Amino acid sequence: MPTARHRWCKWHVLRKAKESLGPVYSKNTAFKRDLHNLLDVIISVEEFETRWAEIVAEHDLVDNEFLSRAYENREMWAKPYFANTFCAGMTSTQRSESANHVLKTYIPRSAPMHLFVTQYDRLVTDRIADEGREEHATKQVNFILRTGAPIEKHATSLYTRSLFERFYRELFRSAAFSCRVGADGKNFVVVYARSSEHTDAGKREFDVVCDAEKSQYSCVCKFFEHAGIPCRHVLKVLVHSNVVELPPALVLKRWTVSAREGIECDIPGDGRAAARQADAASMHALLHASVMELVGMGITSRRAFEVAVDYVSHAKAAISAIVVADPAAKPFTAQTVLVGCADILEFDSSAAAPPRVRSRGRPKELRFKSPVESPGGRKQTTPSSAATAQPEAERPRKSSRFLKVYVVEHCGACQSTQHRTSACPLNIVPGPTGATPRRCQKCHVVGHNRSTCGRKSSYVTK
């Protein structure tokens with residue numbers, strides 16, 4: 001990825017500062033306040049280096065080893081050195097940490113693979129539901145116009161409600177600045193109206209450059225390039241110039257209510273060359289994005305719709321006429337074969353699921369399930385016709401310890417299925433008083449049980 005920019009997490013740098021500096025970086029100290037002001041609001045490289053030297057000298061930390069190493073690697077974590085890099089306003093690893101936190105709330109530690117897949121699907125479903133709920137709330141909310149500027153009314157139709165609040169804060173803070181035309185008569189100079197030496201942005205004057213058509217604006221603070229929202233200085237220029245609507249160049253589609261509509265997909269170079277180098281997943285993603293972009297363009301007018309339908313019909317006919325080779329002959333490849341006089345992309349997909357291997361132990365359906373796993377209760381099996389035809393008293397006793405498979409119980413003495421061993425007639429001897437003395441199953445002598453056989457018993461027959 002040649003265009004990727006490697007950076008250090010600001011949160012981890014400050015945590016290391018707390019561990020290395022000790023009491024100097026404790027709560028409510030002057031050094032901590034000055035350092036955070038330097039890291040958060042200073043936007044100029046020259047001013048950052050000057051203020052860093054002043055702060056370090058003021059607090060007698062010139063020889064501090066941690067601050068020396070941090071200053072040597074300042075291009076990896078200091079804000080002025082990556083102002084031109086779009087980071088959506090993030091200066092730490094908060095995106096990945098937030099994803100890890102959300103994932104841990106759904107998936108416990110040491111979770112098996114099948115539970116991971118189930119819970120991950122639940123996570124995705126909940127996130128889609130949350131996005132749909134937020135999208136519905138954005139459509140139903142009535143924005144309150146608090147500044148009266150025309151661009152504020154236009155912003156309510158563009159941004160989502162959360163991004164509109166961020167836009168409003170910048171528009172509100174723009175009232176603290178005054179605007180004048182630059183010396184060249186084209187650009188603008190935005191000046192902080194208060195008389196303090198440094199503003200909340202570190203300097204008093206900001207140059208805003210615009211093109212001849214008044215469609216492209218660029219400020220020296222680089223807030224739009226870094227966060228994707230017009231800064232207060234550009235908004236002051238727009239209000240000063242009586243602009244009614246935000247220029248399209250200052251609106252990122254990812255922040256708008258139509259972010260999901262017509263995803264743009266630019267295939268670099270020749271489409272066939274890109275398809276030859278892509279795998280199945282990449283081709284699916286490219287084709288899906290291209291078709292969605294075509295749908296967004298096709299619904300703009302009746303003529304565009306007719307052209308889109310015409311080309312889709314021709315594409316379906318051309319793809320249907322392609323002679324595809326046997327897909328089971330080779331593993332998956334994406335190559336061109338000569339069919340007729342044209343290069344046709346050939347797909348071979350012989351990937352299949354691995355064979356199912358029966359695990360050891362008792363099958364899953366034979367084990368006892370807790371109410372959590374089977375909230376609907378135990379499954380009842382429909383009795384057979386032969387069992388239904390027998391009277392209730394003659395049916396064999398069945399054990400319901402298992403969910404689906406029943407074990408027939410029988411008497412241990414006479415092997416009958418109509419009673420248990422404790423109620424077998426061979427073990428019951430009726431007495432003169434109607435009592436049922438027990439007979440030993442080992443020696444068949446009345447007066448004791450099998451567990452007490454061979455011992456002296458104090459039992460006396462009545």
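Axes in this report are lines fitted to C-alpha atoms, for helices over the stretch in contact, and angles run from 0 to 180 degrees between N-to-C directions. Angles under 35 degrees count as roughly parallel, over 145 as roughly antiparallel, 65 to 115 as roughly perpendicular and the rest as oblique. The model is predicted, so local features need pLDDT of at least 70 and side-chain atom pairs pLDDT 80 or more, whereas totals for chains, interfaces and linings use all residues. Residues are numbered from 1 along each chain as its sequence is written, and side-chain values use heavy atoms, with hydrogens and water left out. Helices (H or I, at least four residues) and strands (E, at least two) are DSSP runs, numbered from the N terminus.

**The helix pair α2 and α3**

Two packed helices are described by the angle between their axes and the distance between the axes. Helix α2 (residues 30–41) and helix α3 (residues 45–58) have axes that come within 10 Å and cross at roughly 175°. The two helices α2 and α3 are therefore roughly antiparallel to each other. On the α2 side, the contact (heavy atoms within 4.5 Å) is made by Phe31, Asp34, Leu35, Leu38 and Leu39; α3 contributes Phe48, Arg51, Trp52, Ile55 and Glu58. Seven of these residues are nonpolar, none is polar and three are charged. In this classification Ala, Val, Leu, Ile, Met, Phe, Trp, Tyr, Cys and Pro count as nonpolar, Asp, Glu, Lys and Arg as charged, and the others, Gly among them, as polar.

Four strands form an open sheet in the order β1-β2-β3-β4, with antiparallel pairing; two strands pair if DSSP finds at least two bridges between them. Strands β1 (177–181) and β4 (217–219) stand at the edges with a single partner strand each, so one side of each is left without a neighbour in the sheet. On average, neighbouring strands are turned by 25° against each other, direction ignored. Strand β1 is joined to β2 (residues 188–192) by five bridges, and Val181 has Phe188 of β2 as its bridge partner.

Helix α10 (residues 232–240) packs on this sheet and touches β1, β2, β3 (205–210) and β4. The direction of α10 makes about 60° with that of β1. Seven of the nine residues of α10 are buried, namely Arg232, His233, Val234, Leu235, Lys236, Val237 and Leu238. Their cover includes α7, α8 (161–173) and the strands β1, β2, β3 and β4. After α10 comes Asn242, with a positive phi near 60°.

Buried means under 20% relative accessible area, exposed over 50%, and partly exposed in between (1.4 Å probe, protein chains only). The contacts in the table leave aside neighbours within four places in sequence.

| Residue | Relative accessibility | Class | Contacts |
|---|---|---|---|
| Arg180 | 41% | partly exposed | Phe188, Val189, Val191, Glu205 |

Lys10 is placed in helix α1 (residues 10–21), and His154 in helix α7 (residues 150–156). A polar atom of the His154 side chain lies 3.0 Å from the backbone nitrogen of Leu246. Arg180 belongs to strand β1. Between Arg180 and His240 there are 8.6 Å in space, C-alpha to C-alpha, although the two are 60 residues apart in sequence.

Methods. Polar contact = N/O pair within 3.5 Å; in protein donor to acceptor, adjacent residues only side chain to side chain.
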